[in-house]
Amino acid sequence: IFSAIYFTSRGWSRFFSFAGLLYAAFPGRATMALSCLTRKLCRSFLIRSSHHSLRPNQGILAFFGSDCRTFSTSSSSSGPGLPQKSGPLTITGVTVHTDDTCNTPPHILAKVGRNLHRVPNHPLNILKRHVEAVFPEFNALDDLHPVVTTAQNFDRLLIPPDHPARSPRDTYYLNRDTLLRPQTSAHQHDLLVAGKAPFLLTGDVYRRDEIDPTHYPVFHQMEGVKLLPTTDVSVVEQDLKSSLERVIRALFGPLSPSEVRWVEAYFPFTSPSFELEIWYRGKWLEVLGCGVMQQAILANSGVDQGGAVKGWAFGIGLERIAMALFKIPDIRLFWSTNPRFLKQFEGGKIRDFQPIVSLKDYMPNIQVVSFWIPASYEDNDFFDVVRRQGFSELVEAVSLKDSFTHPKTGRRSRAYEVQFYSPERPVTKEEVKGYMEVLRATLPQQLDIQLR
């Protein structure tokens, strides 16, 4: 505790480095208890500190986890910063019993309940309301809980058992049968059974993914479903395409036929399937995926009336569209609590984003880390370790710099560039040095790797 006070008085980056190395070196219950005491003692320092406008969830509090009573770093965990592997875990009112398949860390669980799509004047909320206005006859839903079962998210959507989306390297599991939804389609069956069609459903979704300005482990989707009393697939397809072209023109303004194109695609739950693209700012922009719903989904939901009813469905990634419409350059900005961000969009209108800080004043700081990897290693393993760190919101991108195989031993190594940059505040060299020390100390603890 006294060491924490000393390092706090000497500078935040030293405090981060000290606390992170301590935590990586001693990931047991004793360190967790120490971290709790340190947080309580230093909470006032964190709140009052104005150094680079640091918020508690960007610093050491996030590194240690959000609640000692809920999360543990004992031997029953798979690594520092992960939930306890067995026992009850309550997520915004829903209690789940985790097991050894749980791979959802505290920083992801902390996003549940933020509901950016419901925040007034938030770009995602503005976009949601624009789409809802195109379908006034649809039931608009936006408050379904993101904890779903594997049956809801995979089986009922006809997703094969060997599909990559089922992998724990792509999906955040809570136990073998429960996960944080990676798509809003997880609720499709239940809403059809409940007689909610036609409906629009908006919600937060969770995926383990790469790190760059357009990807984030939590984002938002809007799902649309409509049933038609017909057996003719061409009728359904025509209604689908005309409806969605109304959507894109409501969002992007007048578009000529040559600026809109339909591309054949594949989705397990629709056939035929399409992606809608538009010519926007000198290039083709993918706007959404859609298709005619598989008849088996309708039959299993009890709404197909012996084949006399067919349906269509579409899904929109709200961040992808909002970044284009509002000219928001970095997906992390959607999570900003800076009043200078939200005040720009008061009135609910689509307008160009104005940078919070001058981009030319603060250059990215690029660091390199390399290590030998085991046979089972995948890039997402490293991305996930970076995401777990308390400084992850300051990492703009992680990219593979080099892949090497030793000619004699056959050992493989990876080298990655970790780019530090914040669209909201400067990131100092001293900070980055401390963060990289923490990352290098943490990697061997959480991955079966050897630093080079």
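Because the model is predicted, local features need pLDDT of at least 70 and side-chain atom pairs count only at pLDDT 80 or more, whereas totals for chains, interfaces and linings use all residues. Residues are numbered from 1 along each chain as its sequence is written, and side-chain values use heavy atoms, with hydrogens and water left out.

The protein contains 14 helices and 16 strands; these are DSSP runs numbered from the N terminus, helices being H or I with at least four residues and strands E with at least two. Of its 452 residues, 53% are buried, where buried means under 20% relative accessible area, exposed over 50%, and partly exposed in between (1.4 Å probe, protein chains only). The protein exposes about 19800 Å², of which carbon and sulfur atoms supply 52%; accessible areas come from the Shrake-Rupley method with a 1.4 Å probe, and for residues only the protein chains shown count as cover. Among contacts (heavy atoms within 4.5 Å) between residues at least 6 apart in sequence, 67% join residues at least 24 apart.

Side chains of opposite charge can pair when their charged atoms come close. The whole structure holds 21 salt bridges, each defined as a side-chain nitrogen of Lys or Arg within 4 Å of a carboxyl oxygen of Asp or Glu. One of them joins Asp381 and Arg169, with an N to O distance of 2.9 Å. Asp381 lies in helix H13 (residues 379–388) and Arg169 in the loop between helix H7 (150–153) and strand E5 (173–175), so this pair ties together parts that are 212 residues apart in sequence. Asp381 is buried at 11% relative accessible area, while Arg169 is partly exposed at 22%.

Asp330 and Arg332 meet at 2.7 Å, N to O; the relative accessibility of Asp330 is 3% and that of Arg332 is 7%. Glu431 pairs with Arg425, their closest N and O atoms being 3.1 Å apart, and relative accessibility is 5% for Glu431 and 5% for Arg425. Elsewhere, a network of salt bridges links Arg118, Lys128, Glu132 and Asp142.

On a 1 Å grid over the protein atoms alone, a pocket is an open set of points where a 1.4 Å probe fits, with protein on both sides within 12 Å along at least five of seven lines; lining residues have an atom within 4 Å of a point. Of the 50 lining residues, Arg207, Phe219, Gln221, Glu286 and Arg320 are the closest to the centre of the pocket. Strands E8 (218–228), E9 (260–267), E10 (270–280), E11 (283–293) and E12 (310–317), together with helix H11 (318–326), each supply at least two lining residues, and E11 gives the largest share, eight residues. The lining divides into 22 nonpolar, 16 polar and 12 charged residues, with Ala, Val, Leu, Ile, Met, Phe, Trp, Tyr, Cys and Pro counted as nonpolar, Asp, Glu, Lys and Arg as charged, and the others, Gly among them, as polar.

Finally, Ala415 is found in strand E15 (residues 412–420) and is buried, with a relative accessible area of 11%. Beyond its neighbours within four places in sequence, Ala415 is in contact with Val368, Val369, Ser370, Ser399, Leu400, Lys401 and Asp402. Val368 is 47 residues from Ala415 along the chain, yet their C-alpha atoms are separated by 6.7 Å.
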